[in-house]
Amino acid sequence: MSTLTPDQLYDFAYQAGLNGQESMTCPSSYLGYVIPEIFSNGEIPQKIWRSGYAEGLENYGTYMAQGAEDAARDWQD
């Protein structure tokens, strides 16, 4: 297993949130990568994961709401 970077972790968390996978809790490994206890630059993986995951969930909600609005508008036309 390889160790990933903070940016990769954020991207993975964002995609997980966007797709409704995993949870808000940072896993110890993901997609074959080991998630360290703390990154060498001092960043905490749990904070990065929560931030990325929350943004993914938020964008998922936005997409769903816009889709529902579009469907309602198309139905009325």
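In what order do the elements of the chain run from the N terminus on? Colour the cartoon from one end to the other and follow along: the order is β-α-β-β-α. That gives 2 helices and 3 strands in the chain. Please keep in mind on this tour that you are looking at a predicted model.

**The whole chain**

Before zooming in, show the surface. The chain exposes about 5,200 Å² of accessible surface, and carbon and sulfur atoms own 51% of it. Of the 77 residues in the chain, 27% are buried. Now switch to contacts and count those with a separation of 6 or more: 69% of them are between residues 24 or more positions apart.

**First stop: Phe12 and Tyr30**

Select the aromatic side chains next. The whole structure holds 4 aromatic pairs. Start with Phe12 and Tyr30, whose ring centres are 5.6 Å apart. Their planes meet at 50°, so this pair counts as tilted. Then look at where the two partners sit: Phe12 is in helix H1 (residues 6–18), while Tyr30 is in strand E2 (residues 29–30).

Since Tyr30 belongs to strand E2 and Trp49 to helix H2, the pair ties together parts that are 19 residues apart in sequence. Trp49 is buried, as is Tyr30.

Which residues do the ring pairs link into a cluster? They are Phe12, Tyr30, Tyr33, Trp49 and Tyr53.

**Last stop: Asn59**

Finally, move along helix H2 (residues 45–76) until you reach Asn59. What does Asn59 touch, leaving aside residues up to four places away in sequence? The answer is Tyr14 and Leu18. Zoom in on Tyr14, and draw a distance between its side chain and that of Asn59: a polar contact of 2.7 Å joins the two. Leave Leu18 displayed as well, and you have both of these partners of Asn59 in view.

Notes. Residues are numbered from 1 along each chain as its sequence is written. This is a predicted model: local features need pLDDT of at least 70, side-chain atom pairs count only at pLDDT 80 or more; totals for chains, interfaces and linings use all residues. Side-chain values use heavy atoms; hydrogens and water are left out. Helices (H or I, at least four residues) and strands (E, at least two) are DSSP runs, numbered from the N terminus. Buried means under 20% relative accessible area, exposed over 50%, partly exposed in between (1.4 Å probe, protein chains only). Contact means heavy atoms within 4.5 Å. Accessible areas come from the Shrake-Rupley method with a 1.4 Å probe; for residues, only the protein chains shown count as cover. A polar contact is a pair of N or O atoms within 3.5 Å; within protein, one must be able to donate a hydrogen and the other to accept it, and residues adjacent in sequence count only if both atoms are side-chain atoms. Rings of Phe, Tyr and Trp (its six-membered ring) pair if their centres lie within 6.5 Å; planes under 30 degrees apart count as stacked, over 60 as edge-to-face and the rest as tilted.
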